[in-house]
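Please keep the structure open while reading.

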Amino acid sequence: MAEKQDYKSTMNLPQTEFPMRANLSTREPEWLRFWEDIDVYRASLERNRDGERFVLHDGPPYANGHIHMGTAYNKVLKDLIVKYKSMRGYYAPYVPGWDCHGQPIEHQVEKNLGPEKMAAIGQAKVRELCREYALKFVDVQREEFKRLGVRGDWDDPYLTLKPAYEAGNVEIFKKMYLEGAIHKGAKPIHWCIRCHTALAEAEIEYADERSESIYVAFAFTDATPWDAEGPVSVLIWTTTPWTLPANVAVTLADDADYVGVKTADGRVLVLAEALVPQVAEAAGWDAYEIVGPSVKGSQLSGLRYSQPIHDGVSGVIITGEHVELSTGTGAVHTAPGHGDEDYLVGVKFDLPMRMPVLDDGTFDAGGGPFAGLGVWDANPRIIEWLGERGTLVASSKIAHSYPHCWRCKQPVIFRATEQWFVSMDRTGLRDTAMRAIGEVEWIPGWSVNRMSSMVSDRPDWCISRQRAWGVPIPVFTCSKCGETVASETTFDAVIDLFHTEGADAWFTKAPAEYLPADTVCPGCGAGVADLMPEDDIVDVWWESGVSHTAVLEAREELHRPAELYLEGSDQHRGWFQSALLTSVGAYGIAPYKGVLTHGFIVDGDGRKMSKSLGNTISPLDVIEKSGADIIRLWVASADYGQDINVSSEILERTGEAYRRIRNTFRFLLSNLANYDPSMAVAWKDLPELDRFALVQLADLTARVTGSYDEWRFHQVFHAVHGYCVTELSSFYLDVLKDRLYADAAGSAGRRSAQTVLAAILTTLVRLIAPVLTFTTEEVWQFMPAALREDVVSVQLAQWPAVDVPAEEAAHLRETYGVVLQVRDVATKALEDARNAGEVGKSQEARLVVSGPETVRDVLAARGAAVLGEMFIVSAVEIGGDAAEVSVEVRRASGEKCPRCWNVRDLGEDGLCARCSGVVRSLA
């Protein structure tokens, strides 16, 4: 009997060796070796050698430690862009780089050696150990980034410790120094007493601290308007008692009203009238009286008072615009050596700038009775001492945000020392930078406001550091008169020295060995033998910033300005800004045409990742367990415009999405095993459903391409994943199974389906190739050779284009919009019928569809056979008119065909007409 016969051999069942299980952690290294064998990076450049150039300039991570989820995210995001641009035909080189100098590496070397050994070895040895450490982790991180599938010139990356790069620093320093933008001066800057170095704003982190809050009375030594009421003092408020030894002035608001407040002990305290109630509450005054006149701050300017720490020393009352009347007393303790606003008002009034604090944070003799104490240890002692002298009015603790060193995490101080600065205003650098910012494309758009506010408000840039491991400030000091010696000739000599021997030579050679013999001090005429090289090194942000010259300008395959810089949002005050200022300072333009910033990596609850919280995830662990493509898909799925969440649960969901995409590829491959493009069916001969599938593919391609062009990778992910799940798995591929498996192998219907599947496969594999770089390579190699068109790797394939007739495509979208809405209603009705036991498989059902005339007309025009195929049922009948679409499920008439399982009228051989013909043809 026919029903007992095994028809499996007559079916076109799926055939592929493409594995269902990805086993990415095992297979991905095989593809890395494959790419290395074919030198895919050079091949991609050669393929597009005549294409428009697109340069994404890599911001250098520190050569320090293993990669983490933040660096993994950053590098993969860059790789998506470079690979996309390359597939679009752009000449898109990618030169990775590393920041090899600076305090983080020196700190790690010191940690490894211990402080005693570190102090015992010379600067040259320290630099040697730092170099070894940096190069070790360049190699470590290089392999880890390659394991993520990131493509680039890994054999020749840029390193900031290379001689040519070090020389690039001097080239920019020369330009800006000779134009007057760089100068040496004593100004208060952030100073880390743990690391013994100056810090730039970009090296500061803010954290909450509990600080002393004290009100102190400074006794007037000049006559005041309140003398008749009792002894008069000006009342100041400060949260840094340790700065009082350096006090030289008290600053009042020029137009504010100041009054005398007589307290229970009989003394009169002068403060801003608006703040009296607030101060009275803080000081715990149960009874007080406002006495005498109210006078403007300007009327008190010039009066002198007794310095609170040093006996016999006086300070002066001045006025300043920075005095606010929201907190404090309206009388600001002013120490120009310990604060930027204090410094500026000190310059205005020609105040002395006392600096009693040494590099290690201890007081010298200028600390008076507190000499030898560290500033933090001195705080309680100063408060106690003020209390004993009767000048402490009130004391408490407050919590507030306070600057900390980015490396050692300790609180920093403001301390005036001689440093090298880039002036923001002497040569108009600030104005030029603001103009340049407006000419750059900022992604996301709001980031331009962040960058603009940082540049418009920033102080002069302190670029000198008191460390050993870095590029030296390339100037000299005359040992005879102390004059700075720096000219075009000396700079050029240093540039030549660094090019040939590297910056280490600065520390091992005497200036007379490389400067021209006729070099003299412009101040006293002393010769080259009397010149001393500067001890300080440049800020690491300066170093990384000048990569626009040391890399983009220097390397033949790159150019300046770059099309894109891409880093985390913290780089608005770091690399983006240092690159901007050095480029604008040297060339008058920004080093980039566009800047893309991404958020920080946080856990599933939005918390910063921290070992103490136990919420860190290592990308290396994820690769080992699940594969790098899972990380890459996670990167693409996240909206970089905000902080990016990652957790085990999120990665598990990403893995599920990956499996859906992989299974789609497997289905496509398994139904194209014996397909050749010569079998393709022309558009005009395709069934309407297949033409609509190509329209959907064209729409997907346009949508995905547009999202890539706008760098909206999460939209790429959602479009591709949604297409695989909704358009393909839930509809088109499901509908095609009957045609693919049961029609004759060479039938028009099956060839038509394969034509579309081939288009979907060759398009989809390229659309997602920048993201799933390993999996798409695997798919590419499993594709029929003719579909690969002799392209050895998917990374070398051209970007897909799906062309469909515009007018017909619009008609198909409209028509199938109606059909799919009805199909959704039918699917729900079939599910309800199955649950009620009325039918089993959908092929056992026939549907009666009722609805508005417009809907019924669309369905009728498709024909019963096509509707049955699309709804995967035995038959579809058009019912009566109704306001809403409804579907009635009835049991199909006929019998189940044992070959295709559809319910049909069976012939004498026990098969439906279609299957009977196929079996006879095979026989």
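The expected span of a helix is 1.5 Å times one less than its number of residues. Helices (H or I, at least four residues) and strands (E, at least two) are DSSP runs, numbered from the N terminus. The model is predicted: local features need pLDDT of at least 70, side-chain atom pairs count only at pLDDT 80 or more, and totals for chains, interfaces and linings use all residues. Residues are numbered from 1 along each chain as its sequence is written, and side-chain values use heavy atoms, without hydrogens and water.

**Helix α11**
- Helix α11 (residues 375-389) has 15 residues and should therefore span 21 Å at 1.5 Å a residue; its end C-alpha atoms are 20 Å apart, which agrees.
- Its buried residues (under 20% relative accessible area, 1.4 Å probe, protein chains only) include Val 375, Ile 382 and Trp 385.
- β6 (204-219), β15 (392-405) and β16 (413-422) are among the elements covering the buried residues of α11.
- Gly 390 follows α11 and has a positive phi, near 80°.

**Nonpolar cores**
- A nonpolar core is a set of buried Ala, Val, Leu, Ile, Met, Phe, Trp, Tyr and Cys residues joined through side-chain atoms within 4.5 Å.
- The largest has 159 residues, of which Trp 634 and Tyr 732 touch the most other members.
- Helix α23 (residues 713-742) gives the most to this core, 16 residues.
- A second, separate core of 78 residues includes Cys 405 and Trp 541.

**Helices α20 and α25**
- The axes of α20 (residues 628-637) and α25 (residues 773-782) come within 7 Å and cross at roughly 115°; axes are lines fitted to C-alpha atoms over the stretch in contact, with angles from 0 to 180 degrees between N-to-C directions.
- In contact (heavy atoms within 4.5 Å) are Ala 628, Asp 629 and Arg 632 of α20 with Thr 773, Phe 774 and Thr 775 of α25.

Methods: Buried < 20%, exposed > 50% of the residue type's maximum accessible area, 1.4 Å probe, protein only.
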